[in-house]
Amino acid sequence: MSNKSPPPRPTPRLYLATPVVDDPASLLAELPALLAAADVAAVLVRLKETDQRTMISRIKALAPIVQNAGAALLVDGHPEIVARGGADGAHLPGIAALKEAMPSLKPDRIAGVGGLTTRHHSMDAGELGADYLLFGEPDANGQRPSAQAIAERLDWWAELFEPPCVGFAMSFEEAHDFAASGADFVLVGDLVWADPRGPKAALIEADAAIKKAFAAVAAGQG
């Protein structure tokens, strides 16, 4: 019998959500420096609702910059245009959307899911084959669970289930705490873009916060 311990958990990584993209010019100018400054695993592109052709052209403009930096580009919703835009996958807002999108995304592309309000929904998403689960994003009314409740959900999922989990951080403290609680990825959006120091400084700080949390947890387990 093997006495090998399970492999060490990988260091959590950043998942960067863009502002809502209408004209992508400013984002195209900023992204290369941002992706070079921190350990960003993926970029979630939030598209302004318009005609499909325009949205596809915006994905096509952004995808090479993200992918050449070694990150994945995911589209917030709109799984039907993922392949045509050259994106790596889509983020779906709940179980019904995940179920509907799976045939068009699998097996070649990433299907992530959020909007999971119960543990039962989370387990359903895992069984459907979601590539990651996002916990803690605000709902349509801007409401979200407490940071403690989000951390507890991340800890529960990371302890018991295989698919990666993502914590939606609205502060650097949350980024730290969610990484400590077992998040494989920490999603940052407005936290970065609204920082008065600029997004690069904020992204570097978020990256440092999750690395610090992970190092502390790893040291405690050693």
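This is a predicted model: local features need pLDDT of at least 70, side-chain atom pairs count only at pLDDT 80 or more; totals for chains, interfaces and linings use all residues.

Mentor: Residues are numbered from 1 along each chain as its sequence is written, and side-chain values use heavy atoms, with hydrogens and water left out.

Trainee: Which strands does β7 pair with, and how do they run?

Mentor: Helices (H or I, at least four residues) and strands (E, at least two) are DSSP runs, numbered from the N terminus. Two strands pair if DSSP finds at least two bridges between them. Here β6 and β7 run parallel and are joined by 3 bridges. Strand β8 (residues 185–188) also runs parallel to β7, with 3 bridges. Leu134 stands opposite Val166 in β7, and Phe168 stands opposite Leu187 in β8.

Trainee: What do β6, α6 and β7 make?

Mentor: A crossover is right-handed if, with the strands pointing away from the viewer, the path from the first strand over the helix to the second runs clockwise. β6, α6 and β7 make a right-handed β-α-β unit. β7, helix α7 (residues 172–180) and β8 make a right-handed unit of this kind too.

Trainee: Which way do the residues of β7 point, and are they buried or exposed?

Mentor: Buried means under 20% relative accessible area, exposed over 50%, and partly exposed in between (1.4 Å probe, protein chains only). In β7 (residues 165–168), Cys165 and Gly167 point one way and Val166 and Phe168 the other, and all are buried.

Trainee: Where is Glu137, and which side chain of opposite charge is nearest to it?

Mentor: Lys and Arg count as positive and Asp and Glu as negative, while His and the chain ends are not counted. A salt bridge is a side-chain nitrogen of Lys or Arg within 4 Å of a carboxyl oxygen of Asp or Glu. Glu137 is found in the loop between β6 (132–135) and α6 (147–160). Glu137 is buried without a salt bridge, and Arg144, the nearest side chain of opposite charge, is 7.6 Å away. A polar atom of the Glu137 side chain lies 2.3 Å from the backbone nitrogen of Gly115.

Trainee: Which residue does Arg144 form a salt bridge with?

Mentor: Arg144 forms a salt bridge with Glu174, with the closest N and O atoms 3.0 Å apart. This pair links distant parts of the chain, 30 residues apart: Arg144 is in the loop between β6 and α6, and Glu174 is in helix α7. Arg144 counts as partly exposed because its relative accessibility is 22%; Glu174, at 11%, counts as buried.

Trainee: How many salt bridges does a search of the whole structure find?

Mentor: The search finds 9. One of them joins Lys211 to Asp207, the closest N and O atoms being 2.7 Å apart. Both residues lie in helix α9 (residues 199–221), 4 residues apart, about one turn of the helix. Arg13, Asp39, Asp207 and Lys211 are linked in a network of salt bridges.

Trainee: Why does Ile81 count as buried?

Mentor: Ile81 counts as buried because its relative accessible area is 0%. Its place is in the loop between β3 (72–76) and α3 (82–85). Contact means heavy atoms within 4.5 Å. Leaving aside neighbours within four places in sequence, Ile81 is in contact with Leu47, Gln52, Met55, Ile56 and Ile59. The C-alpha atoms of Ile81 and Ile56 are separated by 6.4 Å, although the two are 25 residues apart along the chain.

Key
A polar contact is a pair of N or O atoms within 3.5 Å; within protein, one must be able to donate a hydrogen and the other to accept it, and residues adjacent in sequence count only if both atoms are side-chain atoms.
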